[in-house]
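Biologist: I have a few "how do you know" questions about this model. Could you walk me through them?

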Amino acid sequence: MKRTSTSPQVSRRSALRSGIALGTAAIVGSMPTRLLAEDHPLKGQKIDMTILGIAGWGPSSLGVAMSPLFAEYVKAKYGYDVTFAFQEAPFSDLFQKAATSLATKSQEFNIIISDSQWLGALAQPGWILNLNDVIKNNPGLQLDWYSKAVVDTYMTYPDGSDQIWGLPQEGDVEALFVRKDMLEDPEEQAAFEARYGTRLAQTWEDFAEMNMEEFEKIAEFFTRPDAGLWGFSQQYSRVYDFATCAFNNFLWSRGGSIWDPATGQIEGILNTPENAASLVEFKRWLKYQPPGATNFGIGEGIDVFVQGKVFSQIQWAAVGTAMISEELKGKVLVVPPPKHGTGADAKRIMSMGGQPWVINAFNDEAHMRVAIDFMNWWYLPETTLEFARRGGNPCDKATLSRDDFDDINPWNRTFKYMLEDGRSQDFWHDPKYSEMLAVQQEGYSAFVTDQATDPQAVMNYIACAQQQILFDEGVAKTEPSGICAGISL
Amino acid sequence: MSLATQTPGRRRLMDNPRARVLVLLAPVMMFFIVFNTIPTLWLLGLSFYKYSLTGGVPPEFIGFKNFVGIFNAKNAIWFDLSRTFTFVISGVAFQTLLGAALGFLFWGSRNMPGRRVALTLLFAPMVLTPVATGTFFRFIYDPTFGVLNYLIRAVVETGPIDFLGNPKLAFWAVLAVDCWMWTPFMTLMTLAALGSVPKAELEAAEIDRVPFLRRLTLVIWHHGKFIMMLGILLRTIDSFKTLDLIIPMTKGGPGQNTRLVALELNKQSFESFNMGWSSAYAVLLLLISIAMTSVFIYVLNLRRRKETEG
């Protein structure tokens, strides 16, 4: 049976929590500021809040680094004191930390910075607050988001429904970081032109129009193992979703799909010969990458780029501050990743990154109220601008449309460009995402490291296992087919 | 409360040897029941249910379906078990042999200057947390900036070696780290075993000019075997559960090359939250552990039984 957000368990909890939120929010939204300061029910109280976020992830820690501003704001506006503690875990372990706490109905973490794919897994058991009524009663949260991709990725579960469970904490897209200083070197330009008979790309616009075939020349040109330099890198690691996000860039941009969200069908959609060919192409790019690239995740990628071992890298815009170290300031150009295909058919559909805020459904009334106050504050124009100035990526149209937005950070122009509909998309938000992800991470890792050599067999293995998972869950309507019997990597 | 103020009833209770044993054992028994027996029974019960923590639906009784699913190679338990037994047998064998050799070396060099410092340094890997060890070995093994590749290339002309990314090397690279960590444990057990050998018997064997190998089998092994077998048993059980070393090093990869049973169990239970399925998996692993322990204890007692019967 396909579950929807109208399941009684979720609805009851949502209704209860939303009711609290509704009551408080109605007051906050409808009264003049001076009156609010006098009448806020938490006036004179001191509340300790805890945010759970991603360890080593700059944008996550920004949420807490900026929290003293919120404390000042509510002290002045509502007359209560608030402190924030930050609990963290790496990407691959954060869901485990959140889920084990929420499963005990604990309010240990009042606000959680979730990854986008976790929305279903957190919403389905009723662990996080449904935000429909909160948004309805808080004009400050009724924002005009930059694109539909923002709403689909960070806010909605089930996909395509009108049920809102999260609000964007940090938007994120894939970007191509290239060494501008190397591109501008006249000797390199002359050598490139002599070798390929064409000009070495120089500007953001040059790269925006570029396809993988053209980019491959540049990657090949800068691949000089004897000098300890390689032309390109991307993520192939088996950890978390690293290989998946990088491979989906190839799969989607070459016209493939990973599933049918309406029917839960995976077999026959993921394991097409075209997608198997995309997997081969994904692996082929290893020849322009440093040894050990099959273990590269986000951190390893940043290391090799900052150490000057690679000319270019597809990396998340969110780690722009880490990628552009002090030594590299002014030497890096951040551009859209190349398109796949040629001519009018060339496509660029990359993976969405980023994380939503979600609110613990088990917060008591006071913590729930502070959490909603915090959300209202987070989306104030001055807060989103401050977030951007500190290196974060807001998602509201007002901030992104500012004349000066592109100049705030070197990656902002690309972030905005890639955030437009049709250029970036997320994968499944199903509660079983973790199990499905683990299967395909194993499969992709096995293929790129030569443990498995038949791309079609790898895609069949993944499709069969995922079809079984969704069928067992009741989301997929059909069982895995006969080819799946006894299949293994 | 002083003894003088104790009631006669309580005094009588503590005077009774059987009651005293029960009273003294009660706290530990309570601890054992609450933290061991009840969770094990709970685990056993849950193994018959289909239950996902993130599913938002109540547990559904499905009988032996989880066990059937595991035996029908869902997630290829057979590959994981085969890999795990290779890891356990090769690792424990190597650690025992090298650990015993080192133990004999230290035993025979009691007057060596700096012996105490050398022993402390030798035991250091054993006291490090496996997660920290795995993390720094990941960097040591790194083909681009790892120190091991640097050293190898300083001696031999070769390209970078991707120890953890190469399916042919990754398993053995992880096993090497496990041996680095746990060989000192077997050295420690060897020293303890050697310490249990009566000095008089060793001196008598020396006076009689008994060859070393015969001394080893007739005197040293005879007295030290229990401690050595205990060491091997503890290492076997611990090695079977290896998890925290692999997570930071390879997370089970490349592909599935270093996916041991504990890693799969961790993934299914605490990443995928398939509580029913992973409970069934854990029950099977528990049975395997019990079987292994029983075999060890049986072997250990075999000779003693024969001697008693004889």
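Modeller: Gladly, and keep in mind that this is a predicted model. Let me begin with A:Pro337: leaving aside neighbours within four places in sequence, A:Pro337 is in contact with A:Glu174, A:Ala175, A:Leu176, A:Asn249, A:Ile314, A:Arg348 and A:Met350. A:Pro337 sits in the loop between β6 (332-335) and β7 (350-359) of chain A.

Biologist: What makes A:Pro337 count as buried?

Modeller: A residue is called buried at 20 or more other C-beta atoms within 10 Å of its own. A:Pro337 has 27 C-beta neighbours inside 10 Å, so A:Pro337 counts as buried.

Biologist: How far apart are A:Pro337 and A:Asn249, in sequence and in space?

Modeller: In sequence they are 88 residues apart, while their C-alpha atoms are 9.3 Å apart in space.

Biologist: Which residues does A:Ala175 touch, beyond those up to four places away in sequence?

Modeller: Among them are A:Gln315, A:Ala317, A:Val334, A:Val335, A:Pro336 and A:Pro337. The list also includes A:Trp411, A:Thr414, A:Phe415 and A:Met418. A:Ala175 belongs to the largest nonpolar core, which has 146 residues. Along with A:Ile128 and A:Trp165, A:Ala175 is one of the residues with the most contacts inside that core. Apart from it lies another core, of 40 residues, among them B:Leu188, B:Ala262, B:Leu263 and B:Tyr281.

Biologist: Why is chain A called as compact as a globular protein of its length?

Modeller: Chain A comes to 23 helices and eight strands. Its radius of gyration is 23 Å, and the globule rule gives 23 Å for 489 residues, so chain A is as compact as a globular protein of that length. Along the principal axes, the C-alpha trace of chain A spans about 75 × 60 × 35 Å. Of its 489 residues, 54% count as buried. Among contacts in chain A between residues at least 6 apart in sequence, 76% join residues at least 24 apart.

Biologist: And what makes chain B more spread out than a compact globule?

Modeller: The secondary structure of chain B comes to 13 helices and two strands. Here the radius of gyration is 25 Å, well over the 19 Å that the globule rule gives for 310 residues, so chain B is more spread out than a compact globule. The box filled by its C-alpha atoms is roughly 65 × 60 × 50 Å along the principal axes. Buried residues make up 31% of chain B. The domain assignment gives chain B domain 1 (3-46) and domain 2 (75-309), and 37 Å separate the C-alpha centres of these two domains.

Biologist: How many residues of each chain take part where chain B meets chain A?

Modeller: The contact involves 27 residues of chain B and 34 residues of chain A. The chain B side divides into ten nonpolar, twelve polar and five charged residues.

Biologist: Why is α5(B) said to lie largely in the open?

Modeller: The number of buried residues among its 13 is zero, so α5(B) lies largely in the open. Helix α5 (residues 115-127) of chain B reaches 19 Å from first C-alpha to last, close to the expected 18 Å.

Biologist: Back to chain A: which domains does the assignment give?

Modeller: Domain 1 (8-171 + 353-425), domain 2 (173-352) and domain 3 (433-484). The C-alpha centres of domain 2 and domain 3 of chain A lie 25 Å apart. Their contact takes 21 residues from domain 2 and 26 residues from domain 3. On the domain 2 side, α13 (242-253) and α14 (273-284) of chain A each supply at least two residues, and α14(A) gives the largest share, six residues. By class, that side has ten nonpolar, seven polar and four charged residues.

Methods: Residues are numbered from 1 along each chain as its sequence is written. Chains are lettered from A and ligands numbered from 1 in the order in which they are written. This is a predicted model: local features need pLDDT of at least 70, side-chain atom pairs count only at pLDDT 80 or more; totals for chains, interfaces and linings use all residues. Domain bounds come from an automatic or database domain assignment. Two residues are in contact if their C-beta atoms, placed from the backbone, lie within 7 Å. Ala, Val, Leu, Ile, Met, Phe, Trp, Tyr, Cys and Pro count as nonpolar, Asp, Glu, Lys and Arg as charged, and the others, Gly among them, as polar. Helices (H or I, at least four residues) and strands (E, at least two) are DSSP runs, numbered from the N terminus. The expected span of a helix is 1.5 Å times one less than its number of residues. A residue is buried if 20 or more other C-beta atoms lie within 10 Å of its own, exposed if 12 or fewer, and partly exposed in between; C-beta atoms are placed from the backbone. A nonpolar core is a set of buried Ala, Val, Leu, Ile, Met, Phe, Trp, Tyr and Cys residues joined through C-beta atoms within 7 Å. The radius of gyration is taken over C-alpha atoms; the globule rule is 2.2 Å times the number of residues to the power 0.38.
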